[in-house]
Amino acid sequence: MNRSVRWLRLFGRGWLMHSKHLASSGFFVLMTSVQPLVFASLAFFLFGAGRPADALLDAALGAAMLSVWSTTLIGSGQALTLLRAAGLLELLVAAPAPLAFVLAPITVATATIGLYAMVSTVAWGVLLFDLPLRLEHPGALIAAVAVTAFGLGMLGMVFASVFVRLRYANALTNLFDYPVWLLSGMLVPVDVLPLWTRPLSWLLPSTWGMRAIRESVLGGRPWFAIGICLGLGTGYLGLGLLTVRWFSTLARRRAALALA
Amino acid sequence: MTGLRVFFLGGLLSYRALFNWIRPSVYIPTMLANPVFLILFFTLLGRYSGVAYDAHFVVGNAILASSLAGVFGMVMSLANEREFGTLSAVLATPANRFALFCGRVWPVVVNGVFVSAVSFTMGIALLGVELPFSAVPAIALTGLITATSCALFGLALGSVGLRVRDLWVGSNLAYFLMLLLCGANVPLSVLPGWLAAVARLLPLTHGIQAAGALAAGGRLSDVVGLLTTEFLLGLAYGGLGYGLLRFFEAEARREAVLDRL
């Protein structure tokens, strides 16, 4: 088996294992099942009265994306903290496989499980808030969901590589929830933010993933956003490979992996 | 005298030992920065939805921020005894149980007030919200009463930690419920009647309503009823929590399951 096939296999098996592991965690299931419903209900109550039907569907998608980001972020932070607490982080760093191929399945698995929020939020809206359903570009939606999971997973890997050096990585995850929700235009359009925040929004795959999903469902030209999201995901993959190597080398050199 | 010592010193020591987020590297992002971003997010969302004015969201979410300290801080102060393996030693002491358990409330209240004050100040400064200066002392009193009722609610939640294994799920669930129902982000008038009734049974709701009225120019005398209800609700949760703690302690001794995880 050549090297690239081995790495792909490692990624696939890792993704499957972490998906199963996350799906059996009570805390993670709560985050992916209850949090989106809370934010969706909040959005429905706030946007419900006297708004066009599309605005409600838009709010549902935005609320779902909030949770996709939260789960990706929490998954990345928690995974590293738990691996460190269990004494497994040193073993994984010392393993002959590249650390990036160990971390990427974790972050992509969290993003994938997080996508469950999208289904549950829309179902919640239909069942309880008479949310009208429509789907303009089904094919584009599949691509949009896939590139969003990829893009967020890769950004999660960059975060995870930084978290390798931090003992309380999960505390930092609390810091990035609301800013990214705002910058990505998930429930609040980015137009209401100051102009200087715009470049930050463009750098986030969640901005383009949100736009791609929104335009796939409500109508528009989703393929542009899908392309940008894919490009950003690939960029973050490259950056993640560099930062994983840099931070893990730093942790090895200072013998600070377990104590970081 | 010993009871007072256990109440104040014991409470402080247990808080320093058991509150996981006390290190600055965790405290600052979790307890200070996160509530400020919470205020920014919901105020901008409120502006966009047009449901209420900025001051309502800033004041409401600053009060809501004390629930982070109240719910999670109190749950950690009680449930971590079992998690860290110190519960049997604590319960073996002859110390007055009221002082032992309720002494853990006051550091949580102090922290809740501090978190609310920082969030309030930052929210006002960042969003340029104008409030009459004369309303600030009354809003501060509201913050103190609400932080107390939140901590007492946390006592009730944390008491379950003597019996239930994973309290993070329960405490997060309670926090989400307060986020949705307490009126900081969705006015009670927008909620269906039955949900508004549930909201009125939760801590924060009356306090946030009072703070909103004060921010809109109301006087302290106008909100005395709301503040009294908030305080009495907190006392009821505190009584429930203390009763549950004594019940679970007696049950755990009888069934020899004190440290069962």
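In this predicted model, 30 residues of chain B are in contact with 27 residues of chain A. The size of an interface is often given as the accessible area lost when the parts come together.

Which helices of chain B supply at least two residues each of the side that touches chain A? They are α2, spanning 24-49, and α9, spanning 167-181. The largest share comes from α2(B), with 15 residues. Sorted by class, the side of chain B that touches chain A has 23 nonpolar residues, six polar ones and one charged residue. Across the interface of chain B and chain A, the rule finds zero salt bridges.

Attention now turns to a pocket. Rolling a probe the size of a water molecule over the atoms shows where empty space is left. The second largest pocket has a volume of about 400 Å³. Its lining consists of 22 residues, and those nearest the centre are Gly185(A), Val188(A), Pro189(A), Val190(A) and Arg214(A). In chain A, the helices α3 (53-85), α9 (198-202) and α10 (205-218) each supply at least two residues of this lining. The largest share, five residues, comes from α10(A). By class, the lining of the second largest pocket has 11 nonpolar, four polar and seven charged residues.

One of the residues named above also takes part in a charged pair. Side chains of opposite charge can pair when their charged atoms come close. The side chain of Arg214(A) meets that of Asp58(A) in a salt bridge, at 2.5 Å from N to O. Because Arg214(A) lies in helix α10 of chain A and Asp58(A) in helix α3 of chain A, the pair ties together parts that are 156 residues apart in sequence. Over all chains, the count by this rule comes to 11 salt bridges.

Notes. Residues numbered from 1 in each chain as written. Chains lettered and ligands numbered in written order. Predicted model: local features only at pLDDT ≥ 70, side-chain atom pairs only at ≥ 80, totals over all residues. Heavy atoms only, no water. Contact = heavy atoms within 4.5 Å. Salt bridge = Lys/Arg side-chain N within 4 Å of Asp/Glu carboxyl O. Helix = DSSP H or I, 4+ residues; strand = E, 2+ residues; numbered from the N terminus. Nonpolar A, V, L, I, M, F, W, Y, C, P; charged D, E, K, R; others polar. 1 Å grid on protein atoms, 1.4 Å probe; cavity = no way out; pocket = protein on both sides within 12 Å on 5 of 7 lines; lining within 4 Å. Points joined across faces, edges and corners; volume = space filled by probe spheres on them.
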